[in-house]
Amino acid sequence: MTWDWSAVGDFMPHFWDGLLVTLQALVLGSLISFVLGLVWALLMRTPTRWVRWPVGVVTEFIRNTPLLVQLFFLFYVLPEWNITFSAMTTGVVAIGLHYSTYTMQVYRAGIEGVPAGQWEAATALNLPMTRTWTAVILPQAIRRVVPALGNYVISMLKDTPLLMAITVLDMLGEARLFSQQNFQFTEPLTVIGVAFILISYPASLLMRALERRLVR
């Protein structure tokens, strides 16, 4: 087997297109997972059992079913109910929804880690509940969980190739299409593997440095 540099050059325009799609899915999916995960976490702390119970059932179901199954359901089943989204939108929503059930647990741990004295101080100052959450509890909780949230971003990055199953051409999708059209598999797949390493490994180092800084 010989390495064909011309194949790498031919593949690179496709790679940049796939990289852009991958980063778009990652950023938008992360935003959905962060916001929705916080919503889930707050709903799970409500005193009303009729709110906590449905939220718990839904999040457990999502967390314990494969992301690929959820992608297929949103992309192929929802149109039968006249609910149709583009493949990219479906992928972003699926990733964000799936990982929101994990970020929910991260937020819950962060909130529960806030010392009880902070709650007591807010009560002593007669702060409204909204003010207590936004000014006292959430700033401390989120600061504690930023590294864990960053780790889930890396996990989302590694799951973006699943979008290829619903016709989204991310980096791996572009590599697969190029390989099938040109019968050259080694070069494009190697480029994709290196790209994932170059993105995920520095990100993991950044998360470790951030964790050390925040726990001081």
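Which helix is Thr-186 found in? Thr-186 sits in helix α8, which covers residues 186-214; helices here are DSSP runs of H or I with at least four residues, strands are runs of E with at least two, and both are numbered from the N terminus.

## What you're looking at

This is a predicted model, in which local features need pLDDT of at least 70 and side-chain atom pairs count only at pLDDT 80 or more, while totals for chains, interfaces and linings use all residues. Residues are numbered from 1 along each chain as its sequence is written, and side-chain values use heavy atoms, with hydrogens and water left out.

The chain has eight helices and zero strands, and its C-alpha trace spans about 70 × 50 × 25 Å along the principal axes. Of the 216 residues, 39% are buried. Buried means under 20% relative accessible area, exposed means over 50%, and partly exposed is in between, using a 1.4 Å probe and protein chains only.

## What UniProt says

An unreviewed UniProt entry puts "domain: ABC transmembrane type-1" at residues 19-207. UniProt positions follow the numbering used here, feature names are shortened, and annotations may be inferred rather than shown by experiment. In the model, residues 19-207 are 80% helix and 0% strand, and the end C-alpha atoms are 22 Å apart.

The unreviewed entry also gives "transmembrane region" at residues 20-43, 83-102 and 189-210. Residues 20-43 come out as 100% helix, with end C-alpha atoms 34 Å apart. Residues 83-102 are 80% helix and 0% strand, and there the end C-alpha atoms lie 26 Å apart.

## The largest pocket

The largest pocket holds about 160 Å³ of space. A pocket is an open set of points on a 1 Å grid over the protein atoms alone, where a 1.4 Å probe fits, with protein on both sides within 12 Å along at least five of seven lines; lining residues have an atom within 4 Å of a point. Grid points are joined across faces, edges and corners, and the volume is the space filled by probe spheres set on the points.

Which elements give two or more residues to the lining of the largest pocket? They are α2 (49-63), α3 (67-77) and α4 (87-112), with α3 giving the most, four residues. The lining includes Phe-61, Thr-65, Gln-70 and Leu-97. By type, it divides into seven nonpolar, two polar and no charged residues. Nonpolar covers Ala, Val, Leu, Ile, Met, Phe, Trp, Tyr, Cys and Pro; charged covers Asp, Glu, Lys and Arg; the others, Gly among them, are polar.

## Rings

There are 10 aromatic pairs in the structure. The rings of Phe-75 and Tyr-76 have centres 4.9 Å apart and planes at 85°, so they make an edge-to-face pair. Rings of Phe, Tyr and Trp (its six-membered ring) pair if their centres lie within 6.5 Å; planes under 30 degrees apart are stacked, over 60 edge-to-face, and the rest tilted. Phe-75 is buried at 19% relative accessibility, whereas Tyr-76 is partly exposed at 44%.

Elsewhere, Phe-11, Phe-15, Trp-16 and Phe-178 form one aromatic cluster.

Asn-126 is in the loop between α5 (116-124) and α6 (129-159), and has a positive phi near 60° without being glycine. Asn-126 is exposed, at 66% relative accessibility. Phe-183 counts as exposed because its relative accessible area is 68%.

As for Thr-186, its relative accessible area of 30% makes it partly exposed. The C-alpha atoms of Thr-186 and Val-8 are separated by 9.6 Å, though the two are 178 residues apart along the chain.
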